[in-house]
Amino acid sequence: MTWTVYGTFLPGDRRGWRHRQDGIKPAQPLLEQWHRDRLNYDVVLLNADMQAIAETAITEICTFRTWRLWAVSVRSNHAHVLLTAPNYRPTLVRDQLKAKATTALRAAFEIWQNRPVWAANGDIEFLDNDQDIEQSAIYVSEAQDRKCRDQVHRDA
């Protein structure tokens with residue numbers, strides 16, 4: 001599962017973006033700017049303390065729900081969670097993870113009061129075998145540092 005911090009990956013994003021029905025789409029700068037102009041709140045990136053609190057909250061809810069957490073990585077502008085949650089709807093799992101992290105962030109940081117932390121929804125992918133789980137765990141735990149995906153690109 002992957003979801004983004006509010007305002008950091010907008011439709012039209014120059015790094016590429018995913019349309020719900022049409023899949024991967026190329027950059028569309030005018031579309032990205034149109035969405036950026038309509039944000040209701042400033043974009044706030046998660047600092048290291050915020051990332052740690054969100055990861056702890058996600059770990060806690062997985063433990064409480066007895067979901068198998070394979071890997072979690074909360075970045076400055078998005079989060080990745082790799083888990084097994086049998087007999088739960090994936091959207092429910094994602095929404096509970098986001099809600100738990102939001103509650104923890106709001107309790108610890110005033111900046112998150114009365115504003116969204118995360119963008120709506122997020123990406124859910126299903127893995128079919130142990131090899132896919134292993135590769136995804138490596139990606140979540142290690143590859144993010146090599147991709148420099150924690151940067152928000154803005155028009156100058």
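# Exercises on a predicted model

Asn121 is partly exposed, with a relative accessible area of 32%.

**Exercise 1. Work out the strand order of the open sheet and decide which strands stand at the edges.**

Solution. 
1. Start with the pairing of E4 (residues 68–74) and E5 (residues 78–84): these strands are antiparallel over six bridges. Within this pair, Ala71 stands opposite Leu82, and Val72 has Val81 as its bridge partner.
2. E4 and E5 form a hairpin, with three residues between the strands.
3. Next, take E1 and E5, which run antiparallel and are joined by three bridges. Thr2 stands opposite His80 of E5, while the bridge partner of Thr4 is His78.
4. The order of the three strands is E1-E5-E4, and the pairing is antiparallel.
5. E1 and E4 each have a single partner strand, so they stand at the edges and one side of each has no neighbour in the sheet.
6. On average, neighbouring strands of this sheet are turned by 15° against each other, direction ignored.
7. H2 packs on the sheet and touches E1, E4 and E5; the direction of H2 makes about 165° with that of E4.
8. Six of the seven residues of E5 are buried, so this strand is largely enclosed by the rest of the structure.

**Exercise 2. Compare the span of helix H3 with the expected value, then list its buried residues and their packing partners.**

Solution. 
1. H3 covers residues 90–108, which is 19 residues.
2. From its first C-alpha to its last, H3 reaches 27 Å, close to the 27 Å expected at 1.5 Å a residue.
3. The buried residues of H3 are Val93, Arg94, Gln96, Leu97, Lys98, Ala101, Thr102 and Leu105.
4. An α-helix has 3.6 residues a turn, so residues three or four places apart point the same way.
5. The buried residues of H3 pack against strand E1 (2–4), helix H2 (48–65) and E5.

**Exercise 3. Identify the residues with the most contacts to other members of the largest nonpolar core, and the elements that supply this core.**

Solution. 
1. The largest nonpolar core has 25 residues; Ile58, Leu97, Leu105 and Trp118 touch the most other members.
2. H2, E4, E5 and H3 each give two or more residues to this core, and H2 gives the most, with five residues.
3. Take Leu105 as one case. Leaving out residues up to four places away in sequence, Leu105 touches Leu46, Met50, Ile53, Ala54, Trp112, Val117 and Trp118.
4. A second, separate core has five residues, among them Ala71, Ile133, Ala137 and Val140.

Notes: Residues are numbered from 1 along each chain as its sequence is written. This is a predicted model: local features need pLDDT of at least 70, side-chain atom pairs count only at pLDDT 80 or more; totals for chains, interfaces and linings use all residues. Side-chain values use heavy atoms; hydrogens and water are left out. Two strands pair if DSSP finds at least two bridges between them. Helices (H or I, at least four residues) and strands (E, at least two) are DSSP runs, numbered from the N terminus. The expected span of a helix is 1.5 Å times one less than its number of residues. Buried means under 20% relative accessible area, exposed over 50%, partly exposed in between (1.4 Å probe, protein chains only). Contact means heavy atoms within 4.5 Å. A nonpolar core is a set of buried Ala, Val, Leu, Ile, Met, Phe, Trp, Tyr and Cys residues joined through side-chain atoms within 4.5 Å. Axes are lines fitted to C-alpha atoms, for helices over the stretch in contact, and angles run from 0 to 180 degrees between N-to-C directions.
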